[in-house]
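Hi everyone, thanks for coming. Let me put today's chain on the screen, and then we can walk through it together.

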Amino acid sequence: MTDNPDATAASDTYTHGHHESVLRGHSWRTAENSAGYLLAHLEPGLSLLDVGCGPGTITADLAQLVAPGQVTAIEVNDDILSKAANEAGKRGATNLTFELGDVYQLAYADDSFDIVHAHQVLQHLSDPVAALREMARVTRPGGIVAVRDADYAGMSWAPADQRLDFWMDTYRKVAKQNQAEPDGARHLLSWALEAGFDDITPSADAWVFATPEDRSYWGGQWVDRAVASDFARQAVEYDFATAEELEQVSAAFGEWAAKPDGWFVIVHGELICRIS
């Protein structure tokens, strides 16, 4: 059960939203580049719950690694689940089930899964500790809760650009207004301890965008996200930015992506929490 019975994932405000540019960015993610810390713990036959599966690219990879074990993927949005199911269909994954779900009130019995996984989820929740407790509830003894989140304050880039500084400041303000924690990585261990875990393996990893291809991906999606995503709408609605300022952010990402010395690093915190 959650600490806050009125909390639901659906009532939390997702800062990014599900604009095409956001899903385009999330579809770049794979188990290799986004769940490497978990891979050594996976084996055929394990059951896995993927919380907040998004467009399903990581989920489909995980399903291949635990097949014939069953994978259940949940999201709060029907449209996103449909996209994830399409991804699984393209991969020929037959051991995947997609369901609407709420991480604060998971519709599964105690001890239902060997692995419960959440990538870039806890940072967007108003009560990540309650979510972790609920994830632990549905994990069998000896199983694993695996979580990974980014740390916005830990991001770095070059060349310097005041427009990107403004983007970072604005994003953090919007996330905080949404009762979320943009620097989730550094809080994961604290949250897990508060949730009652006592067998925790922490680690960290980073995405580096420095090749022409990677800069095109990262900068290109933010060219659109800066002006068209829910983040952009909320930034204006909350009076943290004007449309004109966000247009400047969009231009900055485009210019950064085109620079041969462009460099962007995103630091992530990771936890393997073993259930006793």
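Predicted model: local features only at pLDDT ≥ 70, side-chain atom pairs only at ≥ 80, totals over all residues.

Residues are numbered from 1 along each chain as its sequence is written, and side-chain values use heavy atoms, with hydrogens and water left out.

So, how many helices and strands are there in the chain? There are eleven helices and eight strands; these are DSSP runs, with at least four residues of H or I for a helix and at least two of E for a strand, numbered from the N terminus.

Along its principal axes, the C-alpha trace spans about 50 × 40 × 35 Å. Of the 276 residues, 54% are buried, meaning under 20% relative accessible area with a 1.4 Å probe, counting protein chains only.

Now contacts, that is, heavy atoms within 4.5 Å. Taking those between residues at least 6 apart in sequence, 79% join residues at least 24 apart.

Let's zoom in on serine 34, which sits in helix H2, residues 31-34. Is serine 34 buried or exposed? It counts as buried, because its relative accessibility is 1%.

Leaving aside residues up to four places away in sequence, serine 34 touches Arg29, Ile58, His119, Arg148 and Trp207. Its side chain also makes a polar contact of 2.6 Å with the side chain of asparagine 33. A polar contact here is a pair of N or O atoms within 3.5 Å; within protein, one must be able to donate a hydrogen and the other to accept it, and residues adjacent in sequence count only if both atoms are side-chain atoms.

How values were computed: Buried < 20%, exposed > 50% of the residue type's maximum accessible area, 1.4 Å probe, protein only.
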